[in-house]
Amino acid sequence: MLAAEQTVLDWPFPRTASGCPASVLAELREGPPCAVRLPAGTAESRRAWLVTKHADVQQALKDPRLSADELLPDAPVRIQVPPGQRPSSFLRMDDPEHSRLRGMIATEFTARRVKGLAPAVQRLIDDLLDDLAGRPQPTDLHDAFSRKLPTLVIARLLGVPDEDSPYFIEKTQVTISQGDPERSYAAYQDMTRYLGELATRKLTEPQDDLMSRLATRHLATGAIDLDELVGIARLVLVAGHETTTNQIALNILSLLRDDELRAKVLADDGARIPRFIEESMRYWSISQDAIVRLAVEEFELGGVTMRAGDAVVISIPAANHDPSVFPDPGLLDVDRDTSKHMQWGNGPHFCQGAPLARLEMELALRGLFGRFPDLRLATDDPNSLFRIGTVFHGVSRLPVTW
């Protein structure tokens with residue numbers, strides 16, 4: 001187990017004032033995995049190994065000796081929601097259960113299927129930009145656009161009525177805010193109840209949506225139960241809306257605060273937009289150490305012996321800013337090779353929704369700056385826009401004018 005005499009740092013680490021990953025990560029990356037103290041919440045405070053080097057993070061994400069199962073004794077938690085009788089979603093499962101449930105939605109996010117969603121996503125973007133054009137200036141672009149687009153996209157994919165999307169924005173944000181564990185858990189329960197009721201309705205009133213297909217193909221046949229269906233839907237909803245929402249906002253902010261970068265990215269009919277999106281994901285690394293694992297047997301990682309029962313925190317921001325892989329990592333360089341960035345994850349838990357998120361991000365940038373070429377920030381302090389104390393990095397607002 002982790003030695004009692006080790007120096008232990010309090011985790012998570014706050015971001016820098018400019019919104020970049022904590023500077024202490026660069027120091028820690030020079031050595032082997034170090035000991036950190038997980039915060040108390042629904043679970044007691046405990047020690048864990050923090051993995052920071054790119055190579056070590058890559059190994060940790062794929063190593064079966066590190067379990068994602070949140071129901072194992074002493075399993076670490078990041079989102080302070082008490083585990084129930086089963087994992088909250090397949091994201092917190094190991095194989096074979098993980099693969100069984102993950103496979104039920106694999107066809108929903110293939111490149112071909114996502115390409116077919118492009119016209120519908122574009123219509124949503126056009127409608128939101130029409131609304132934006134009629135708003136008084138300055139206005140909050142996050143409220144009007146970057147928050148609404150992914151929420152509506154994922155709600156329609158799931159089969160959640162548009163009018164209920166504000167409800168999910170609120171419940172998701174409270175669940176991951178982590179400032180008040182009891183309030184977070186209450187929001188989590190509210191969302192779970194709603195999705196359970198919706199899934200039950202889909203059994204008798206199916207439509208062309210993901211929840212209907214899960215209900216009629218898998219729930220009705222007994223391949224999954226209602227709790228498993230709700231877990232899948234909740235994961236798709238939270239991951240598909242919260243991560244894409246914040247990444248779209250940060251993509252836009254990156255271009256609004258750097259005229260030279262903006263000109264470069266939008267030149268040649270936006271030829272560099274896909275490269276910029278991947279680099280922006282690496283640079284911002286919005287998954288703020290949200291990945292935790294439990295060692296289930298003894299092995300070595302990064303020169304440290306991990307013993308069965310040890311908790312492990314896998315730092316995506318540290319890996320994405322490892323200068324041995326990404327030279328001058330604090331520079332947002334649209335021409336760099338980002339093929340090894342870890343924002344989509346790695347191994348069995350690689351993000352299934354990556355094709356859809358990429359589509360939304362690219363169409364959002366093309367549509368926004370094509371419609372509003374003179375868009376600019378309406379604040380003298382961009383650093384004041386970042387939100388704090390959340391699992392995913394992002395902005396609380398994005399005031400703009402044009």
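Where is S285 found? The place of S285 is in the loop between α12 (273-284) and β6 (291-295), where helices (H or I, at least four residues) and strands (E, at least two) are DSSP runs numbered from the N terminus. This is a predicted model, in which local features need pLDDT of at least 70, side-chain atom pairs count only at pLDDT 80 or more, and totals for chains, interfaces and linings use all residues. Residues are numbered from 1 along each chain as its sequence is written, and side-chain values use heavy atoms, with hydrogens and water left out.

**Positive phi angles**

- S285 is not a glycine, yet its phi is positive, near 45°.
- S285 is buried, with a relative accessible area of 0% (buried means under 20%, exposed over 50%, partly exposed in between, with a 1.4 Å probe and protein chains only).
- D269, in helix α11 (residues 259-270), also is not a glycine and has a positive phi of about 60°.
- D269 is exposed, at 69% relative accessible area.

**Cis peptide bonds**

- W11 and P12 are joined by a cis peptide bond with omega of about 5°.
- P12 lies in the loop between β1 (9-10) and α1 (24-28).
- Another cis peptide bond joins Q137 and P138, with omega of about -5°.
- P138 lies in the loop between α4 and β5 (139-140).

**Nonpolar cores**

- A nonpolar core is a set of buried Ala, Val, Leu, Ile, Met, Phe, Trp, Tyr and Cys residues joined through side-chain atoms within 4.5 Å.
- The largest core has 82 residues, and F276 is among those with the most contacts inside it.
- Helix α10 (residues 226-256) gives the most to this core, with 15 residues.
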